[in-house]
Every structure is written in C-alpha cells, then in structure tokens.
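The sequence and structure come first.

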Amino acid sequence: MVPVPKPTKQIYDYLVIGGGSGGLASARRASGIHKASVALIESQTRLGGTCVNVGCVPKKVMWNTALVAETLRQAPSYGFELQSQPTFNWSFLKGKRDAYIKRLNGIYERNLGNDNVEHLHGWASFVGPNTVRVQQSENESYEVEAKNILIATGSKPIIPNIPGAELGIDSDGFFDLETQPKRVAVVGTGYIGIEIAGIFNALGTETTVFSRTKQILRSFDSIIKDNLLKEMETTGVKFAYESKVKSLSRSDSGILIEYESAGQASSLEVDCVLWAVGRSPNVEKLNLESANIETNEKGYVVVDEYQNTSTPGVLALGDACGNFELTPVAIAAGRRLSDRMFGGEQFKNAKLDYHNIPTVVFSHPTAGTIGLTEDEARAKYGDANVKTYSSKFVNMFFSMLDHKEPTAYKLVVTGPEEKVVGVHLFGRESDEILQGFGVAVRMGATKADFDNCVAIHPSAAEELVTMR
C-alpha cells in the first residue's frame with residue numbers, strides 16, 4: 001500500500017521502524033497471520049532495504065551477468081564457434097536490472113496492503129519508550145504510539161576518514177554506475193569486497209584489491225579463503241597486500257590512490273575506487289537515548305536471545321544488532337519474533353537459533369560454509385577431539401577446458417561419533433550444494449550419516465558423502 005499521510009490508530013499493537021527484509025517480514029507476520037494492528041515506518045521512497053535495492057538481489061543479477069561472461073569464454077572449449085567476440089553493454093543491463101528492482105518494490109508495497117500493514121513515510125526517532133516521532137519534512141512531523149516497537153533499520157557502508165575519501169564509492173554506489181570502469185580498486189576483503197571484485201574482473205575490468213593483511217575473508221575456514229585467493233590471482237585479480245590507503249585525489253585521467261604496502265609508499269591510478277571496509281548500524285538518527293535503549297561500543301543495539309532490548313516493549317533485529325548480518329537471518333528472526341509476541345501460547349518461546357547458520361559468498365567460484373571452522377572447532381573441543389576430512393579436485397565441467405578451476409571441500413567433525421560441526425565448500429555451485437547439507441548439520445548428522453547417503457554420480461556434491 002502507498003504511504004498514508006497520518007496514522008489511523010491512536011495506539012498500535014506493533015510499530016516497525018525500517019522497511020527492509022527483517023522489518024517487512026515481522027510486520028506482515030504480525031498483521032497478516034496474527035491480526036495485530038501494525039504500522040511500518042520507512043524513510044526511503046522504496047521498500048526492501050539494502051537487500052532488494054542495493055544488496056543481495058541486484059548483486060546476484062550482476063553475479064549472473066559475470067557468470068554469463070565466463071561461460072561465453074568457455075564455450076569454444078565445448079565446440080561452440082562464436083562468429084564474433086561478444087561485447088558487454090553495462091548500461092543496457094543496468095536499465096533492465098533497475099526495472100526489475102522497481103517491480104520488486106511494487107510487490108513489497110502491495111504485500112503490505114494485502115496484510116493490512118499501514119505504511120508511514122518519514123524519518124523515525126524515539127520520543128519515549130512507546131512513542132516515535134515521524135519527520136515527514138523539515139517542518140512537518142507527527143507522533144505514533146505503540147505497545148511494541150521494533151528497530152529494524154539495518155546498516156550502512158563505512159567510508160574511511162582519509163583525504164579524498166569522497167572520490168570513492170561504496171557498495172550502494174556500485175549499483176549507480178552508469179558505465180563500466182576500465183580500472184577499479186576495491187578496498188576491503190570481506191564478503192562485499194570479494195564479491196564485487198569478482199564481478200568486475202569477470203566482466204573485464206582491471207581489478208586491484210587492497211587488503212590490510214595477506215589474506216581474504218578473514219573469518220572463513222582456510223580451505224575457502226586460501227583456495228579462493230589463489231584462484232582470484234590466477235584469473236587476473238591483483239592484490240595489494242598489507243596495504244593501507246592514505247589518500248585519494250583527482251588526476252588528469254582518473255583517481256590517484258596513495259597507499260602504503262608492507263611499509264613502502266606507492267600509488268595507483270584507477271577510474272573507480274570502491275570502499276568495502278565494513279558497515280555500521282543505521283541507528284544514529286533514532287534518538288535511542290530518549291528511550292534508554294542500550295548500544296554496544298560499536299553502536300549496535302544490544303538484544304537478548306528473544307530480540308528484547310534493554311527497554312521493555314522495544315525490540316531489535318537484523319543488521320542494527322550486528323549478529324549474523326544476513327537477510328535470511330533478519331527475516332527468520334522477524335517472523336519468530338512476531339509469532340512469539342502475537343501468536344499465543346503455542347509460540348511463547350519462539351526465537352531464532354543463531355547457531356549453524358549457512359552462508360554463501362558469491363565469489364568466482366562460489367564458496368559456502370556452515371558451522372565451525374577447523375580453528376574454531378579445535379579451540380572449542382580441543383585438538384584431540386577434532387578431525388577433518390577434505391577433498392580437492394577438478395569439477396567435471398572443467399574437463400574440456402584448459403583452465404582447471406579447483407573445487408575443495410572440508411568436513412569438520414568432533415567426538416567419537418564424529419558429529420559434523422562444520423561444512424566448508426569452495427567451487428562451482430557451492431551455493432546450491434550447501435543448502436541441503438545445512439539441513440543435515442542442523443539435524444546433528446554424523447560422518448556416518450553422510451557416508452550412508454548414496455552418492456549422486458557424476459556430481460561434485462558426491463565428494464561430501466565419499467570422503468575417507
């Protein structure tokens with residue numbers, strides 16, 4: 001439904017601040033399923049938050065685009081004779097991608113209306129523990145009261161405080177690029193930096209990644225981060241290791257990056273600098289102090305296992321809390337929260353279990369993980385109680401190609417029963433393979449359970465049930 005000019009109820013059962021994935025999921029479950037009176041406040045002109053507008057969804061479109069580019073380069077090895085060298089029109093794709101996102105925005109609007117969630121537009125800030133001011137413009141505002149208030153405002157990219165930092169773009173700005181840059185620097189080696197660097201490189205942009213260390217994806221298992229780093233280098237991505245960007249400035253033909261690498265001063269000229277150095281909670285305008293809502297040293301809203309903040313009746317979830325900053329996590333937490341608050345006795349203990357959450361990096365190739373890394377398992381259970389099984393091989397798809405892209409899998413098990421406490425996948429289609437094995441890990445599967453599953457042949461996934 002389109003935003004209403006003013007709230008229609010004096011007091012709502014539930015007021016949701018933030019129209020991203022988590023807020024929408026929680027609002028719709030509370031109103032559509034449990035029939036609570038619900039209003040949702042969103043400051044932006046389009047619903048869906050980061051994921052739909054400048055995150056997961058358009059990113060996957062770009063990843064698919066890069067995959068098509070790779071497939072075109074691989075086609076001759078399978079006997080396809082391309083009559084001419086295909087060219088890529090970035091602007092054409094951007095137009096189609098933006099139109100697709102706009103359609104999704106409309107679907108979200110309609111879904112709010114279908115579930116009787118009142119959509120309020122403006123900037124939200126707390127007046128008290130049960131009251132929120134909605135600022136529609138500089139001179140117009142009103143107040144809304146609710147028995148329960150949810151903070152689901154997400155996070156935003158961090159821009160470092162260095163000279164010329166404004167000459168770079170963040171991950172949001174990546175989706176605003178009208179044309180493809182020929183030379184790009186990506187500063188940061190987490191999910192976002194690695195994914196975008198892979199897209200740029202696959203589409204033919206000369207790509208350099210700046211890393212503060214000698215590794216990427218710091219929190220991932222070594223079988224993922226080591227193999228992915230080597231593959232990225234093999235396929236043309238350049239890395240500036242142990243580097244610190246000192247400043248950006250305009251040059252005659254681009255942007256000049258002044259940086260230090262391993263203690264040595266250096267410089268690089270590019271057409272585009274993309275900051276991927278982290279994200280921070282999007283809460284600074286909420287006036288949390290007026291409702292005595294506690295935040296931690298990084299500014300994230302502090303919550304318990306049921307998403308309760310330090311103030312009774314005020315809840316928070318998703319990236320604003322900094323706990324597993326993933327869209328499906330926010331959605332699941334939001335739905336369980338609404339079940340618990342409005343679903344009656346059968347849902348009185350509903351909450352999201354934050355253990356064993358699967359996640360995927362849409363790199364080139366993809367990587368996926370669930371559970372503990374080998375290092376984490378050894379720290380938790382002790383070396384004597386941890387064993388690993390691993391396999392590195394070439395996916396059959398590459399049997400016809402000159403470049404033999406690797407695939408590498410690892411299982412981390414513990415105890416005499418060899419319970420699987422970690423699954424780490426690197427290689428083609430790891431994103432699709434992980435979901436089913438994630439279910440197995442959640443159910444407490446052992447290595448014997450994996451072994452007792454008959455292999456699907458020929459497939460890459462069969463390696464997970466045939467490891468010795």
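## Pairing of E12 and E13

Leu256 has Glu269 in E13 as its bridge partner, and Ser261 is bridged to Gln264 of E13. Strand E12 (residues 254–261) runs antiparallel to E13, and seven bridges join the two. Strands (E, at least two residues) and helices (H or I, at least four) are DSSP runs, numbered from the N terminus; two strands pair if DSSP finds at least two bridges between them.

E12 and E13 make a hairpin with two residues between them. In the turn, Ala262 has a positive phi of about 55 degrees.

## The sheet

The order E11-E12-E13 describes an open sheet of three strands, with antiparallel pairing. Strand E11 (243–251) and strand E13 (264–270) are at the edges with a single partner strand each, so one side of each lacks a neighbour in the sheet.

## Gln307

Gln307 lies in the loop between strand E15 (279–281) and strand E16 (314–316). Gln307 counts as buried because its relative accessibility is 4%; buried means under 20% relative accessible area, exposed over 50%, and partly exposed in between (1.4 Å probe, protein chains only).

The side chains of Gln307 and Tyr354 make a polar contact (2.7 Å). Such a contact is a pair of N or O atoms within 3.5 Å; within protein, one must be able to donate a hydrogen and the other to accept it, and residues adjacent in sequence count only if both atoms are side-chain atoms. Leaving out residues up to four places away in sequence, Gln307 touches (heavy atoms within 4.5 Å) Val314, Leu315, Ala316, Leu317, Ala333, Leu337 and Tyr354.

## Basis

This is a predicted model: local features need pLDDT of at least 70, side-chain atom pairs count only at pLDDT 80 or more, and totals for chains, interfaces and linings use all residues. Residues are numbered from 1 along each chain as its sequence is written, and side-chain values use heavy atoms, leaving out hydrogens and water.
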